[in-house]
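Please keep the sequence and the model in view while working through the points.

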Amino acid sequence: QVQLMESGGGLVQPGGSQRLSCVATGSVYDINIMAWYRQAPGKERELVAQWTSSGRKTYGGTVEGRFTISRGSAKKTLYLQMNDLKPEDSATYYCYANIVPTLVGPPNDYWGQGTQVTVSS
């Protein structure tokens with residue numbers, strides 16, 4: 001059973017920084033995509049940043065230049081470094097991964113439970 005465990009959310013002041021972490025546990029043979037999404041109340045879930053197995057990184061338009069996605073050395077960990085946070089960044093942040101659980105596949109989509117980020121003075 002694959003699980004994604006997020007951590008690092010909380011309250012931060014405007015202009016501040018915060019780092020989110022996501023760890024994939026369980027049967028993980030390979031990872032095709034890892035990403036961060038967010039959803040604010042009354043809004044649709046949107047892509048924040050994405051990493052693919054080819055090494056490509058993609059960012060949502062509102063966060064590019066302020067947020068950085070990276071993977072840990074263990075390859076099952078995903079980070080999101082968020083700098084210059086704004087009140088409009090407040091949302092529940094979700095970790096997503098497309099994971100091949102065993103040698104014979106197939107890949108499946110997995111979501112974390114979400115971690116709340118609140119940017120407020």
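1. Where is the place of Gly 26? Gly 26 sits in the loop between β3 and β4; strands here are DSSP runs (E, at least two residues), numbered from the N terminus. The model is a predicted one, in which local features need pLDDT of at least 70 and side-chain atom pairs count only at pLDDT 80 or more, while totals for chains, interfaces and linings use all residues. Residues are numbered from 1 along each chain as its sequence is written, and side-chain values use heavy atoms, with hydrogens and water left out.

2. Gly 26 has a relative accessible area of 45% and is therefore partly exposed. The cut-offs are under 20% relative accessible area for buried, over 50% for exposed, and partly exposed in between, with a 1.4 Å probe and protein chains only. Not counting residues up to four places away in sequence, Gly 26 touches Gln 1 and Lys 76, where contact means heavy atoms within 4.5 Å.

3. Residues up to four places away in sequence aside, Ser 27 touches Gln 1, Val 2, Ile 99, Pro 101 and Thr 102. Ser 27 and Gly 61 are 34 residues apart in sequence, and their C-alpha atoms are 33 Å apart in space.

4. Which residues form a disulfide? Cys 22 and Cys 95 do, with sulfur atoms 2.0 Å apart; the rule asks for a pair of cysteine sulfur atoms within 2.5 Å. The count by this rule is 1 disulfide. The pair links distant parts of the chain, since Cys 22 is in strand β3 and Cys 95 in strand β9, 73 residues apart. Both cysteines, Cys 22 and Cys 95, are buried. The disulfide is left-handed because the torsion about the S-S bond of Cys 22 and Cys 95 is about -80 degrees.

5. The largest nonpolar core has 30 residues, and Trp 36, Leu 80, Tyr 93 and Ile 99 touch the most other members. Such a core is a set of buried Ala, Val, Leu, Ile, Met, Phe, Trp, Tyr and Cys residues joined through side-chain atoms within 4.5 Å. Among the strands that each supply at least two residues of this core are β3 (18–25), β4 (30–39) and β8 (77–82). The strand that gives the most is β9, with 5 residues.

6. Thr 52 belongs to strand β5, which covers residues 46–52. Is Thr 52 buried or exposed? Thr 52 counts as buried because its relative accessibility is 16%. Beyond residues up to four places away in sequence, Thr 52 touches Asn 32 and Ile 33.

7. Asp 84 deserves a separate remark. Most residues other than glycine have a negative phi. Asp 84, although not a glycine, has a positive phi of about 50 degrees. Asp 84 lies in the loop between β8 and β9. With a relative accessible area of 38%, Asp 84 is partly exposed.

How values were computed: Helices (H or I, at least four residues) and strands (E, at least two) are DSSP runs, numbered from the N terminus.
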